[in-house]
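I opened my notebook to look around inside a protein model. Here is what I looked up, entry by entry.

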Amino acid sequence: MRAAATPAPAPSQPLRRLVLLAHPDLHRSRVSRRLADAAGLLGPDAVELRDLYALYPDYAMDVGAEQAALARADLVVWLHPIQWYAPPALMKLWIDEVLTLGWAYGRGGDALRGKDLWLACSTGGREEAYHPSGYNRHFFDAFLPPYEQTAALCGLRFLPPLVLHGAHGASDAAIDAHAALFAQRLASYPAWPELDELPACEACVPPDQDRPREADIGALS
């Protein structure tokens, strides 16, 4: 009697890339809009693009929907301009409301552990402005620790950011080339040579006395 054929292994699920776009005036954007358009051309099977300002013009965040999108993703991309050395207001609200205790961090908060976080941002200032001798007084990396530590607290590996400086004065050709690079990097993830050299994210678990009591979650500290 012929042995039953061994079934072929099911194809692995494609890696999911979640792009969270946060630009408060997208129709006037020179960089974020083009990067978002380039990401969209990769197709919904490869990239889930969420325009936060279009989804939440009233700033009423659907936490469940955002957490579900995060749960589906392998790579999380924060795509936004740098405003006053920080993300735009709605991106900060997203961080405050979506990355909840017991889900994204703290005891039992391991929903994001093992995923990657990639910052794709632009600055109005040129690269030479981000220098000890420039008017921003620091290299750009000096403004990244809040991003890096947010990632670490949630068990996300923080990838080297993709930055375009001098967005206001950049030529259309330069922005188009930058958008093409962004799309190429998205499409090729995780086959980035530098990822092999990045250490795994170290666990950052706040002690009980630094966490709110269950009854106090949502209250101001």
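**Ground rules.** I am working with a predicted model, where local features need pLDDT of at least 70, side-chain atom pairs count only at pLDDT 80 or more, and totals for chains, interfaces and linings use all residues. Residues are numbered from 1 along each chain as its sequence is written, and side-chain values use heavy atoms, with hydrogens and water left out.

**The largest core.** I began with nonpolar cores, meaning sets of buried Ala, Val, Leu, Ile, Met, Phe, Trp, Tyr and Cys residues joined through side-chain atoms within 4.5 Å. For burial I used relative accessible area: buried is under 20%, exposed is over 50%, and partly exposed is in between (1.4 Å probe, protein chains only). The largest core has 35 residues, and L52, L70, W78, W94 and L99 touch the most other members. I then asked which elements give two or more residues to this core, and found β1 (17-21), α2 (52-55), α3 (63-72), β3 (75-81), α4 (89-98), β4 (116-122) and α5 (145-153). These helices (H or I, at least four residues) and strands (E, at least two) are DSSP runs, numbered from the N terminus. Helix α4 gives the most, with 6 residues.

**A second core.** I also found a separate core of 27 residues, which includes A120, A179, Y189 and L195.

**One tryptophan.** What does W94 contact, leaving aside its neighbours within four places in sequence? With contact taken as heavy atoms within 4.5 Å, I listed L20, L52, M61, E66, L70, W78 and L99.

**After α6.** I looked up A203, in the segment after α6 (172-188). A203 is exposed, at a relative accessible area of 59%. From A203 to R113 I noted 9.4 Å, C-alpha to C-alpha, although they are 90 residues apart in sequence.

**Salt bridges.** I counted a side-chain nitrogen of Lys or Arg within 4 Å of a carboxyl oxygen of Asp or Glu, and the structure holds 12 such bridges. One of them joins D172 and R30 (2.9 Å, N to O). D172 is in helix α6 and R30 in the loop between β1 and α1 (32-40), 142 residues apart. Are these two buried or partly exposed? D172 is partly exposed at 43%, and R30 is partly exposed at 26%.

**A buried pair.** R50 and E66 also meet in a salt bridge (2.6 Å, N to O). R50 lies in strand β2 (residues 47-51) and E66 in helix α3, so the pair ties together parts 16 residues apart in sequence. Both R50 and E66 are buried.
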